[in-house]
Amino acid sequence: MPETNPTENRIVEQTSSEQKGDDARERIIRLAFGGNRDRYDEFLRTLREAIPPDVSVVLRGSAVTGQRWEDGSPFDADGPGTSDMDLTLIGGGMVQHFDVLYIPGLHSAPLSDAHPDASETFMPLRRALSRIAGRSVTIQASADLVQFLRDKVMSQPYYTLIPKEDSPREDADEP
């Protein structure tokens, strides 16, 4: 059996799809909040007040990457405020608060204009976040397993807005 190269392990550990650091945060503030850091901070405060500490909140989609995955169009290609923000609540039993599920017990449909009945529980939060952001915000819930698969197997980019409190991260945003 060949010897394991420690460098290979480090490379595997660095293949996360998570977008980290100030550059990612600044891109999100510029794109999704029109460059307004105060609105971004208010958005995070509103999320923190509504979400239990054993839940992480990640942002996905064009607000993170700067372009739509379907066609590569830039964020807000159809005009200011036309691209939405895709939030995923991970862990903490958040899936149980959704009535429309893609995978029962593991992954919900997003609470959105297309699925306004996905979660009555999170409708007030969605309205508040959409008002703050000045654009539509979708909210979805996933189990930790689904997040792991989306990250490691599917390599879907995301940015952690709020980490679980039981595993704080240095790169998490603190308004």
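The model is predicted: local features need pLDDT of at least 70, side-chain atom pairs count only at pLDDT 80 or more, and totals for chains, interfaces and linings use all residues. Residues are numbered from 1 along each chain as its sequence is written, and side-chain values use heavy atoms, without hydrogens and water.

The chain has six helices and six strands. These are DSSP runs, numbered from the N terminus: helices are H or I with at least four residues, strands are E with at least two. Their order is α-α-α-β-α-β-β-β-α-β-α-β.

| Chain property | Value |
|---|---|
| Buried share of the 175 residues | 43% |
| Share of contacts with a separation of 6 or more made by residues 24 or more positions apart | 69% |

Buried means under 20% relative accessible area (1.4 Å probe, protein chains only). Contact means heavy atoms within 4.5 Å.

The largest nonpolar core holds 37 residues. Such a core is a set of buried Ala, Val, Leu, Ile, Met, Phe, Trp, Tyr and Cys residues joined through side-chain atoms within 4.5 Å. F43, L47, M85, L87, F122, I139 and L161 touch the most other members. Leaving aside neighbours within four places in sequence, F43 contacts F33, M85, L87, L129, I132, A133, V137 and L161.

Helix α2 has twelve residues. It spans 17 Å from first to last C-alpha, close to the 16 Å expected at 1.5 Å a residue. That expectation is 1.5 Å times one less than the number of residues. Its buried residues are A24, R25, I28, I29, L31 and A32. Their cover includes α3, β1, α4, β2, α5 and β6. G34 follows α2, with a positive phi near 60°.

Notes: Buried < 20%, exposed > 50% of the residue type's maximum accessible area, 1.4 Å probe, protein only.
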